[in-house]
Amino acid sequence: MSRYTYVIVGAGAAGCVLANRLSADPRHRVLLLEAGARDRHPLLKIPAGFSMLMGTKANWIFNTAPQKHLNNRTMFLPQGKALGGSTSVNAMLYIRGNRLDYDEWADLGCTGWSYDEVLPYFIKHERNERLADEFHGTDGELNVADQVQHNPTSQAFVRAAQQVGIPRTDDPNGASQEGVFFHQVTQRNARRESASTAFLHPVLDRPNLTVLTGADAQKVLVERGRAVGVRYRRRGKDEVAYADGEVILSAGAINTPRLLLLSGIGPADELAAVGVDVVHALPGVGRNLRDQLEVYITREAAQPITYSGENRPHRAALHALEYGLYRTGPATATITEAGAFVSSSPEVRSPDVQLHFLPAYVVWKDGAQQAEKIPGHGVTLLACNVRPTSSGSVTLASADPNVPPIVDPNYMETPEDMDVAVEGFKIMREVLAAPAFKGILKEERLPGDSVRTDSEIRDFIRAWGKTDYHPVGSCKMGVDDLAVVDPELRVHGLEGLRVIDSSVMPTIISGNTQAPSMMIGEKGAALILGESRA
């Protein structure tokens with residue numbers, strides 16, 4: 001039997017921050033449980049390596065339920081499974097969302113979570129190599145950098161966007177989110193900067209911090225209305241870790257509700273239906289799942305200047321040599337080098353479409369665990385509805401912890417989401433037709449000239465729309481009947497149990513979820529330590 005002050009489940013974006021902050025006080029004994037392995041594999045360090053990690057042991061292999069509004073298709077929806085969680089396998093884009101996202105949280109009853117109140121927690125751990133102003137930190141643990149290089153087609157995209165009226169911005173995380181830009185990324189010296197490399201590795205020698213990998217949490221133990229520990233399985237044996245202070249779930253928007261449900265915490269009727277004894281009825285667990293859906297276009301390139309084919313053995317060997325010697329070349333690329341935030345209509349309160357430009361020729365087939373590379377050279381442009389109004393659920397298929405949960409994002413449930421997707425598609429075509437791409441791009445390959453009317457575009461979206469890999473919200477924060485945690489991230493109706501990860505977002509933020517999840521970890525630690533007022 002092991003006793004700790006805090007037991008944290010999940011070493012991802014929020015969990016690594018929590019482990020760092022809570023163990024800074026030597027009086028606290030902190031245990032961090034991670035189901036995955038150490039983050040030692042070279043592909044977890046080289047920026048371009050993430051494209052080869054989908055469908056490997058570095059990911060939880062989740063698939064969505066058939067999506068009834070998308071021709072009953074299923075999608076691969078991975079989550080990172082290693083120290084660093086998804087920050088060890090993602091595209092490293094540093095995007096915080098829009099200030100109005102957080103003000104909306106406060107308006108929904110999440111006191112203490114307005115933009116002005118969360119901004120200090122973004123700044124606290126940021127070490128930005130270029131920006132130093134009221135929006136950015138320069139002496140934190142998380143290194144944020146400009147990319148080493150930009151493909152010529154990425155440069156053309158930035159010019160093309162401006163030619164169709166999208167303004168240029170040097171900082172979508174600053175005063176105004178709107179505009180086209182080259183992404184800043186979580187990299188340090190052209191190597192991936194994950195939550196693990198930033199917050200965990202530098203403090204692993206703390207005697208009061210224990211990190212266990214290969215430790216798959218099975219159940220939160222509750223006695224007399226209080227969470228007292230976690231049962232986990234490691235090396236084929238069941239172990240128990242007890243928390244004298246608190247149990248903290250930071251396993252992400254799929255695994256956190258899954259663990260609560262397996263522990264008998266959730267909707268009573270659903271738990272009974274799969275044979276789980278109800279420990280604490282809480283109807284919102286697993287509800288309010290939000291994810292962003294993308295639609296995309298591919299265009300053939302007139303010149304061999306994209307990243308297509310650069311992973312062939314002889315080319316990859318040359319890039320590996322260049323990277324090893326100089327930290328330059330395609331191995332430093334995030335693939336998504338440039339992007340933009342635009343509005344689907346003048347009526348929206350802030351940009352609701354995010355464009356991702358890829359100087360690579362790829363498509364995503366139903367259920368495939370990796371993007372399929374198209375022969376030849378080309379580019380892919382994606383438009384993402386960053387604030388979908390549709391919501392879904394995470395539910396148990398079985399009381400057996402080894403059986404994957406049912407993950408149903410319920411994409412395109414609302415007509416509004418389809419309307420935004422159609423407008424995003426039209427914006428993409430307008431950008432790709434701009435003069436900056438003349439002589440660089442040839443004809444559109446997907447969907448092609450046969451798709452023109454709104455009806456045809458909608459049919460194409462139903463057939464080809466894909467996840468942007470940003471599930472959140474399944475244990476939402478709030479004060480309504482479906483809220484799982486209060487504004488201090490304490491689980492309603494139980495003592496000693498908090499959820500601190502992307503699952504607490506009451507609504508999804510306008511952009512990528514890595515940076516907001518780290519902010520939630522930072523603020524969550526301050527709440528636990530009494531350094532913040534919610």
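In which sense do strand E6 (residues 142-146) and E8 pair, and over how many bridges? I looked this up at the outset, working on a predicted model. The pairing of E6 with E8 is antiparallel and runs over two bridges. I noted alanine 145, whose bridge partner in E8 is valine 185. I then traced the sheet around these strands: it is open, has three strands in the order E5-E6-E8, and its pairing is mixed. Strand E5 (126-128) and strand E8 (184-185) are the edge strands, each pairing on one side only.

**Entry: strand E14 and its partners**

I turned next to strand E14 (residues 237-249) and listed its pairings. With strand E1 (residues 2-9), E14 pairs in the parallel sense over seven bridges. Here arginine 3 stands opposite tyrosine 242 of E14. With strand E13 (residues 226-234), the sense is antiparallel and there are six bridges. In this pairing I found arginine 231 opposite valine 240 in E14. E13 and E14 form a hairpin, with two residues between them. I checked the turn and recorded a positive phi of about 55 degrees for arginine 235. With strand E27 (residues 497-499), E14 pairs in the parallel sense over three bridges. I noted leucine 249 opposite valine 499 of E27.

**Entry: glutamate 246**

I then looked for a polar partner and found the side chain of arginine 498, at 2.6 Å from the side chain of glutamate 246. Leaving out residues up to four places away in sequence, I listed Thr5, Tyr6, Val7, Gly496, Arg498 and Ile528 as the residues that glutamate 246 touches.

**Entry: asparagine 90**

I located asparagine 90 in the loop between strand E4 (79-80) and helix H2 (99-107). Its relative accessibility is 19%, under the 20% limit, and therefore asparagine 90 counts as buried. Which side chain makes a polar contact with the side chain of asparagine 90? I found glutamine 514, at 3.2 Å. Apart from neighbours within four places in sequence, asparagine 90 is in contact with Phe50, Arg192 and Gln514.

**Entry: threonine 169**

Threonine 169 lies in a loop as well, between helix H4 (152-163) and strand E7 (179-182). I recorded a relative accessible area of 12%, so threonine 169 falls under the 20% limit and is buried. A polar atom of the threonine 169 side chain lies 3.1 Å from the backbone nitrogen of aspartate 171. Setting aside neighbours within four places in sequence, I found threonine 169 in contact with Ser176, Gln177, Glu178, Gly179, Val180 and Phe181. I also checked phenylalanine 341, which is 172 residues from threonine 169 in sequence and 9.8 Å from it in space, C-alpha to C-alpha.

**Entry: helix H1**

How many residues of helix H1 (residues 13-23) are buried? I counted 11 of its 11 residues as buried. Arg21 is among them, as are Asn20, Cys16 and Ser23.

**Entry: cavities and pocket**

I then considered empty space in the model. Rolling a probe the size of a water molecule over the atoms shows where such space is left. A search of the whole structure gave me four cavities of 30 Å³ or more. The largest cavity holds about 100 Å³ of space. Its lining has 13 residues, of which Met75, Phe76, Trp364, Lys365 and Lys466 are the closest to its centre. By class, I recorded five nonpolar, four polar and four charged residues in that lining.

The second largest cavity has a volume of about 80 Å³. I noted Leu289, Arg290, Asp291 and Tyr411 among the residues that line it. Its lining divides into six nonpolar, two polar and three charged residues.

Of its 16 lining residues, Asn385, Arg387, Pro388, Thr389 and Asp417 are the closest to its centre. Which element gives the most to this lining? I found helix H9 (residues 415-432), with three residues. The lining of this pocket comprises four nonpolar, five polar and seven charged residues. I also noted that Asn385, Pro388 and Asp417 are among the residues lining the second largest cavity.

Note on methods
Residues are numbered from 1 along each chain as its sequence is written. This is a predicted model: local features need pLDDT of at least 70, side-chain atom pairs count only at pLDDT 80 or more; totals for chains, interfaces and linings use all residues. Side-chain values use heavy atoms; hydrogens and water are left out. On a 1 Å grid over the protein atoms alone, a cavity is a set of points where a 1.4 Å probe fits but cannot get out, and a pocket is an open set with protein on both sides within 12 Å along at least five of seven lines; lining residues have an atom within 4 Å of a point. Helices (H or I, at least four residues) and strands (E, at least two) are DSSP runs, numbered from the N terminus. Ala, Val, Leu, Ile, Met, Phe, Trp, Tyr, Cys and Pro count as nonpolar, Asp, Glu, Lys and Arg as charged, and the others, Gly among them, as polar. Two strands pair if DSSP finds at least two bridges between them. Buried means under 20% relative accessible area, exposed over 50%, partly exposed in between (1.4 Å probe, protein chains only). A polar contact is a pair of N or O atoms within 3.5 Å; within protein, one must be able to donate a hydrogen and the other to accept it, and residues adjacent in sequence count only if both atoms are side-chain atoms. Contact means heavy atoms within 4.5 Å. Grid points are joined across faces, edges and corners, and a volume is the space filled by probe spheres set on the points.
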